Each structure stands twice: as C-alpha cells, then as structure tokens.
Amino acid sequence: MKQPITGLDEKAFVGICYPSRRLSQNQQRLFMPASTTKLYTSWLACESLGEDFVFHSEYSVQGGTLYLSPMANPLLSEESFRDLVEDLGGRRIEEVVLVPHFPHAPRYPSTWAIGDVREAWGAPITDVCFRENYVTIGGSRGGAVTPSSTYYAVRKVKGIERPSVRGRVVSVPRGYKGAFEFPILNPEDFLAHWLGERIGGRPLKRRSGRLRGAPTRFARAPLKEVLRSMNKRSSNILAELLLRHASLARGKPIDYEQPQAAFTEALHHIPVDDALLYDGSGVSRYNLVSPAGTVKLLEASEKYPSIMDSLPIGGKDGTLADRKLPRRIHAKTGSLTGVQALAGYDDGEPFAVMINHGPPDETVMIEAIDRIVRGR
C-alpha cells in the first residue's frame, strides 16, 4: 500500500517499508541512508566482536617514558586517565610513546566531502579518540576550553561575528556566550600536551613506537556503552572506529575506495545483498541501502538487545528528544543535505522511512516522516 506524502516537492524520492502498517513505497529502491548507516555498523560490531565485547587501553612506564597504547578505544575521556595520572604522580615523565593499533588506516574516509572534516562531527579517525577528538569553547563555562588544556590559545577579539580557528589559535567575539565546537586536527599531539600538563605540569614529547614492559589495562569501555553513546548522539567517529575494529576481527581491509568488505561479507548471510556501504557513520554520500533491506537488518538485530536499547526514544532522548513522536518509537535518525531518514522499531516492530532529493528546508522532510510514523 502506498502512503500519501504531503508537503514535499514532487521531485523528492520517498522510500517506505513499514510491515506492521502494511505500508510500502519504493522499498526495494536504493537510498542514501545518512546516519541510519549506524544501524548497520551496530549490527556488524555485535556480529564481529560479540555483544559483550569490552574495549580497553594499556600503558607501561620505563624510566622517564610513558608507553601508551590507546588501542582505538572509542570512549577515552578525562575520567579514563584518572588512575593513570595518579599512578604516575611523583615520577618525572619526559615523553610519551604512542603505540599504533591501526597503523595504516587513513584519518578520513576518502568519500567524505571537504566540508565534513572542518566540523566537530568530522574529527579525524585515529587510534587516539580522546573525547571524540573535538574541543568545545564557551558553553556554560563561559570562555573555558573543554577538555581543559593550554594546547589552544583563546583570543577574545573585538569586531568579529563568529568564532574561528587558525592553527592552535581560537578567536572568539568579545562577550561570546555560545558554545563553539571544532575538531582536533592532531589528536596525538593534543593528548601528549593534555597528559603532560596533568602529570608534570608541562607538555610531553611525543613519538611512535612499541609497547615495552608489562602493560597495565585501563579505560574499560563495553561495546554496549559505545553503541549507546554512538546511536543516542549519532557520533561519527565512534561509528568509524567500530567499523575498523569489526573489519580487523574479520580479517578484512579498510578500503574507502569501494564498499567495505566487512559489511559485504557479513550482510550476505542475513541475507542483505543490496547495501553498498563505504563508511560506518553515514557521512559518505556514496552509501546506498534500501528500506526493505534495512528492515531485514533490523529483524536480524533483534537478537542483540543492546542495539534497540542504544537507540533514541521518541520525544525523550538523543536525536529524537525534540521530535513529536510517541515513546514506543526507538529509532535512528539520518540527515544530510536533501536527505532525511528514520529507521528502527515501532513498539518492537521494525520500519524504515527514507527521503532523498528533498527540499532545502529539512523540517519539511522531518515532519513528513514523523506524520508517517505517528500514523497521521
């Protein structure tokens, strides 16, 4: 049955697969899924790593050198390093040796647009994922830098309208009350600087190398927590790191010039054979999936309760907090220019709604999708 769509330009391309409502429209056609790609990444991570998998990082100390292996831990934060900093209290640490986990992986997918990497949500994907590799200036703490560090110099400038970053200098308008977020272009140097300030009051020298000595584990991050953080807030860097870990577990390379081999192999067994996924986050405009294939994926995901638990809840939290949807909706949003999507569960039943080539005003597409999901 075809669902009438109102308020959209006639050129907009709409796809619906809503089995519980007996609604379908272009359900076998291919659409750019935007961040609903993270549903595929969530399932791939559970399939490849196991739902109970736990990430961690490691460190050791020899003489004045800290050997640190972040191991592409997705949830490193200031709190993660508390025990490490306490352990090193009183020692004279001069340098940190960072141990690579994915030594040859590029920092950005080649299918991302130039503008993507200038935004906080387009931070570089590196073995160091410290607070998701972005910095916040201002917010509730005025002109404060979060995470707190002198790595960036903040200047309050008269006569400018908006904040800007040039190198390690951040310029903000005088009296600025907003919150400005931007990506850390060199996360390795930033972490060495931040750690050094806490261990000995000055930045650490940094180089790459191997872990030496008996390592100590720290910063446990259960996959269930990573999924929740990724899907509730639609974190792109967490999605890309999960894709890398899942690909490593399957013995598949990361090659951004073609659909990711880990996805292709794993999805074939569901089977979902119409998904072309070039990244794990959905930032790539090359990604293509069908509404029907996405519903099949959601059906396969039902054996992993942590996936449904990680999804935003209608009108309550995450990226659905401000949407006028009932709380029976647990779903992942997707948004790019001209693209809106929503896929997940309606009272436990899977559905997918996707719009491509939509109008410039994204609210028109969002409202159209929400009317479908509400049933009116």
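Trainee: What is the order of the strands in the open sheet of three strands, and which kind of pairing does the sheet have?

Mentor: Happy to! Keep in mind that this is a predicted model. The strand order in this open sheet is 8-10-9, and the pairing is mixed. At the edges lie strand 8 (153-157) and strand 9 (164-166), each of which pairs on one side only. From one strand to the next, the twist averages 25°. Now follow strand 8 to its partner, strand 10 (residues 169-173): these two pair in the parallel sense, over five bridges.

Two packed helices are described by the angle between their axes and the distance between the axes. For helix 1 (residues 37-49) and helix 4 (residues 223-233), that angle is about 175° and the axes are 11 Å apart. Angles over 145 degrees count as roughly antiparallel, so helix 1 and helix 4 are roughly antiparallel to each other. Where they meet, helix 1 brings K38, S42, A45 and C46, while helix 4 brings L223, L227, M230 and N231. Sorted by class, this contact has five nonpolar, two polar and one charged residues.

One last stop is D370, found in helix 9 (residues 362-374). D370 has a relative accessible area of 5%, so it is buried, the cut-off being under 20%. Apart from its neighbours within four places in sequence, D370 is in contact with R323, K324, L325 and L342.

Note on methods. Residues numbered from 1 in each chain as written. Predicted model: local features only at pLDDT ≥ 70, side-chain atom pairs only at ≥ 80, totals over all residues. Heavy atoms only, no water. Pairing = 2+ DSSP bridges. Helix = DSSP H or I, 4+ residues; strand = E, 2+ residues; numbered from the N terminus. Axes fitted to C-alpha atoms, helices over the stretch in contact; angles between N-to-C directions. Buried < 20%, exposed > 50% of the residue type's maximum accessible area, 1.4 Å probe, protein only. Contact = heavy atoms within 4.5 Å. Parallel < 35°, antiparallel > 145°, perpendicular 65-115°, else oblique. Nonpolar A, V, L, I, M, F, W, Y, C, P; charged D, E, K, R; others polar.
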